Amino acid sequence: MKFIYQSDVWSLLRQNISKGQITGYAIANIVGLSVILIGILFYCDSQQDNSQEDQFFTSDYIVLSKKVEGIGFSPISFSEEEIKELSREKWVKKIGRFSSSQFAVNGSINMGGKSLSSYLFFESVPDEFFDVKPRDWTFSPQDRFVPIILCKDYLTLYNFGFAVPQGLPQISEEIVGAVPITLRLTGENMVSEYFEAAIVGFSSRLNTIAVPQSFMDWANKRYSNSNNIPNASRLIVQVDRLSSSQMYDYLDKHDIELAGDKAEDGNIAQFLGIVSAVVTTNGIVICILAMFILVLSIFLLLQKNREKLRNLMLLGYHPQYVAHYYELLVVIANITITGLSLAITFVARTFWTNNLAAIGLGEATLIPTLLFALFYLLVVTALDLFIIRTRLLRIWNNA
């Protein structure tokens, strides 16, 4: 028996192929897959932190303290167990402890012929938690000099709330650094010592009068009669803003107060993640509908060609041979759909790249998006081939 040439077989089989159905399937699938891939890539970008030290999210730090109720004479602080529990939270990257001075501090300055003296308090935190890094941020007992970092708000309060009514001059940050300060430190044994000091920097992150940790450790040991290190009354926490949505529930549950509003930035990533999920879900629905279009098209096509296919099989053509033509059509269509969808996705990315970069997000790897596109291509193609072969085997068995 002489077989029909391959070109003739293809010409015979493609007569009933509906270009409209194939085009409809392709368009629907391109739209659906593009929406899914855009949703995945947008989610990856919205969860990718590319902020650097000098960008928008440098101040993802919050200060935590326990709530004070009524009048209490016992110091309120965080126990070691509470700090360990806090460090295990997903939204916590790093924890620093505030160390408080256990001695009396009196500071005095002379400006414009007027003397100003006040009792002060000192606190210290590990250097890595400062948003400023002064050059002179060191302490040596032999130098008798204490560098100080002051909260910027304190200078603002002085200039606009205190200086003018008292007839004192308003001063800039540069001038403040040049003003000498005399400190009198008095310990529990009532022994006093004098040190020179100067403000070497201003912090927007820490609402305190900060001194080097080395000075605090030395002074507390020298002026305090107690050898016990007290628990931290305040904590500074570096927050993972991508997980900070869980933070507020934890703080409310443990009656912890939060200072600073930078953690609100973490809700941006959460909102963008929700948007991505909604977009991706819509894309999945569209793709499922497109799959129904293809399955229906395949069934209709094979039904129209039922007699032709049966005759070809009676002539000795195996179902796998006949299926090859339809399988080739499906494979080419799915590869084209996947390629166009990826191209649309990468073009769409250009519309949000700059906006996300402005808030320290974006530049996520393309691997998840490419892997899903490959997964979708393989799964959809395998499903299409399975339907085609199963249908042709039924015709073969009934021939």
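I began with S101 and listed its contacts (heavy atoms within 4.5 Å): leaving aside neighbours within four places in sequence, S101 touches F121, F122, M216 and N220. The residue sits in the loop between β3 (99–100) and β4 (104–111), where helices (H or I, at least four residues) and strands (E, at least two) are DSSP runs numbered from the N terminus. I noted S101 as buried, because its relative accessibility is 19%; buried means under 20% relative accessible area, exposed over 50%, and partly exposed in between (1.4 Å probe, protein chains only).

For the record, this is a predicted model, in which local features need pLDDT of at least 70 and side-chain atom pairs count only at pLDDT 80 or more, while totals for chains, interfaces and linings use all residues. Residues are numbered from 1 along each chain as its sequence is written, and side-chain values use heavy atoms, with hydrogens and water left out.

Next I searched the whole structure for salt bridges (a side-chain nitrogen of Lys or Arg within 4 Å of a carboxyl oxygen of Asp or Glu), and the search gave six.

I looked up E82 and K66, whose closest N and O atoms are 2.6 Å apart in their salt bridge. E82 lies in helix α3 and K66 in strand β1, so this pair ties together parts that are 16 residues apart in sequence.

I then turned to K94 and E128, a salt bridge with its closest N and O atoms 3.0 Å apart. This pair links distant parts of the chain, K94 being in strand β2 (residues 92–97) and E128 in the loop between β6 (123–124) and β7 (145–151), 34 residues apart. K94 is partly exposed, with a relative accessible area of 36%, and E128 is partly exposed at 45%.

E193 belongs to strand β9 (residues 192–203) and R222 to helix α6 (residues 213–223), so I recorded E193 as buried at 16% relative accessibility, whereas R222 is partly exposed at 44%. Salt bridges that share partners join R144, E193 and R222 into one network.

Last, I checked E69, which is placed in the loop between β1 (61–66) and α3 (80–87) and counts as exposed because its relative accessibility is 66%.
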